Structures are given as C-alpha cells and as structure tokens.
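Look at the model first, then read on.

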Amino acid sequence: MLIDFHTHIFPEKIAARSIAALEAGIRNIQGADYRKGEALTFRPATLAGLLDTMPASHVDRSICLPIATKPAQTAHINDYAETVRSERALSFGTVHPADPEAEQVLENLKQRGFRGIKLHLQFQQYDIDSPEVIRILQKAEQLHLLVIFHAGADIGLPPPVYTPPKKIRHMLDYVSGGNLIAAHLGGWEQWEDVLEYLAGTQIYMDTAYISQFIDPQLCTEIIRKHGAGKIVFGSDSPWEDPADTLRFLQSLGLSDEELALITHKNALRLLGECEK
Ligand SMILES: [Zn+2]
C-alpha cells in the first residue's frame, strides 16, 4: 500500500491560475531559464487530476494540504477542504498565524472531523518558534490534530527561511512533537542541519520534493539516524510524481520493513487507523 501524505489540489476554477502564479514565483527565484519550456507540474492540480493519476503513480490514498496565505481566506479554504474526504483523497484544513481566532479555528476544524492542518510559514511569514505559531501548535497538540508544516527553504519564495531545522528544534521546547510532520525531510536544502538538529527528535518528517535535490547518501543517513518509524511518504504532487519519489526511496538500500513503515505503516498510525 502507498499513502502519499503530501499533495496539493485547488478548486477547479482557480487551479490553473494558482499553478501559473506558483510557477512564475519559482522562475522568479531560480531564474527565467529554469526548466525552460517545461511544465513544472506533472498533472492538473485538481481533485480530478489527482484521482486520475494516482493509479499510474501506484498511490492508494492521498492527503491534500491547503494553505491560507491570508487569514481572511481560511474559512473559504476549509469549506472546500471539507468536501475532499473520501477513501482515496482526504484533505487537511489550514489556519493562519496572524488570525487572532486561530485557536477557535482549530476547535472548529476538530469538530468538523478534520484530522490535521497544514502550515506554510514561508508564505505566512512567521517563524516556526514565534509565539503566534507555538500557540497554534500547543492547541493542535491538545486537540490531537496533526500538523504538517513546510520546512526549510522554498524553491519559489525568497529568504529569510522561517522554518530552518535549528528553529524547529527550538520550537520543540514548547510541544511534544509527536503530532508534527516537518515536510521535505525536515528542511528543504538544509539537510546537513536536519542531520545535526532534528534527526532523532520526536517529530515526523515527510519525503516531499527531495528526490531531485538531496544527496542519496545523506538522505539515508538522516532516515537511519531519525528512524524509519518517523518518516512518512510524501511527493508534493503535482510538483513531483509519486512514482519518482517511490523509485528514489527504493534506491536507497532500505530494508523492506523500513520501506513499509515509510510508504504506509506510519501514515496509518498517524491517521489513527491501526493500533500500533
Ligand atoms: Zn508542498
């Protein structure tokens, strides 16, 4: 079984426009020639696009992660997210650290049956160890909501980095970390620091959008030091084909049991769908 814990979709009406804006952001940061003439996504960023391509990518279930870039968008985004709740695709909710009602938003999401939320502090421009974010993380821990957050640099957004491994480590002084998932293996393009500051802590890490960028040996080292029991499979689809993520993980020389933990066992445990 393969569960992709890190995918993105948009409502049909705004999907093409949203992806075009994100691609423009990537070429703005990486240079106009970055993968010139190529689409940077492998499928349409819609629910239909996701469901259609999952079989070819060997994915059984996908978790969809929405992001509120302004507090005023939150209610709208969460309303759409609530409609994405099937056996094959399940959306998390979102909240913005600038929202003075952030704790109520989380309570409301919990009541509506959401399993977790996504934070993208690179868009939201708050440090992971800021009081505004700690307050959200403490509330989420109390409500048993999962929190998956962008970690490290972002290919399409300028510095500063709001979630470097060192600040994530500092944030862990305030929460247990057992319900947290740091995306991009703990810190995109900051993997030496992940190895030093985060490997071995209580948090989970996903494997989204790392396969083309990380040194395979360093990746294996991080997974082994952190423990495969706290790594969850994520692709960042539509930005990476989960089939490519899987191929990369299979090339690392991990054991069958380590791969099973990463591809689905840890995800099922986090979603509360198995005993251990
Ligand atoms: Zn993502």
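Arg61 has a relative accessibility of 11%, so it counts as buried (under 20% relative accessible area, with a 1.4 Å probe and protein chains only; exposed is over 50%, partly exposed in between). Glu87, at 60% relative accessibility, counts as exposed. The two form a salt bridge, with the closest N and O atoms 4.0 Å apart. A salt bridge here is a side-chain nitrogen of Lys or Arg within 4 Å of a carboxyl oxygen of Asp or Glu. Arg61 sits in strand β2 (residues 61-64), and Glu87 sits in the loop between α3 (74-82) and β3 (89-91). The pair links distant parts of the chain, 26 residues apart.

This is a predicted model: local features need pLDDT of at least 70, side-chain atom pairs count only at pLDDT 80 or more, and totals for chains, interfaces and linings use all residues. Residues are numbered from 1 along each chain as its sequence is written, and side-chain values use heavy atoms, with hydrogens and water left out. Helices (DSSP runs of H or I, at least four residues) and strands (runs of E, at least two) are numbered from the N terminus.

**Salt bridges**

Side chains of opposite charge can pair when their charged atoms come close. The structure holds 13 salt bridges. Three of the pairs are tabulated here.

| Pair | N to O distance |
|---|---|
| Arg61 and Glu87 | 4.0 Å |
| Arg115 and Glu273 | 4.0 Å |
| Asp127 and Lys167 | 3.2 Å |

Arg115 and Glu273 meet through their side chains. Arg115 lies in the loop between α4 and β5 (116-119), and Glu273 in the segment after α11 (256-270), so this bridge ties together parts 158 residues apart in sequence. Arg115 is partly exposed, with a relative accessible area of 31%. Glu273 is also partly exposed, at 39%.

Asp127 is in the loop between α5 (121-124) and α6, while Lys167 is in helix α7 (residues 165-171), so the bridge ties together parts 40 residues apart in sequence. Asp127 is partly exposed, with a relative accessible area of 27%. Lys167 counts as partly exposed at 27%. Salt bridges that share partners join Arg61, Glu87, Arg115 and Glu273 into one network.

**Thr74**

Thr74 is in helix α3. It is buried, with a relative accessible area of 4%. Which residues does Thr74 touch, not counting those up to four places away in sequence? They are Ala68, Thr94, Val95, His96, Asp99 and Val105 (contact means heavy atoms within 4.5 Å). Thr94 is 20 residues from Thr74 along the chain, yet their C-alpha atoms are separated by 6.5 Å.

**Helix pairs**

Helix α4 (residues 102-111) packs with helix α6 (residues 131-143) at about 25 degrees, their axes 9 Å apart. Axes are lines fitted to C-alpha atoms over the stretch in contact, and angles run from 0 to 180 degrees between N-to-C directions. The two helices are therefore roughly parallel (angles under 35 degrees). From α4, Ala102, Glu103, Leu106, Glu107 and Lys110 meet Arg135, Ile136, Lys139, Ala140 and Leu143 of α6.

Helix α8 (residues 191-198) and helix α9 (residues 216-226) pack at about 15 degrees, with axes 10 Å apart. That makes α8 roughly parallel to α9. Residues making the contact include Trp191 and Leu195 of α8 and Leu218 and Ile222 of α9.

Definitions and conventions: Angles under 35 degrees count as roughly parallel, over 145 as roughly antiparallel, 65 to 115 as roughly perpendicular and the rest as oblique.
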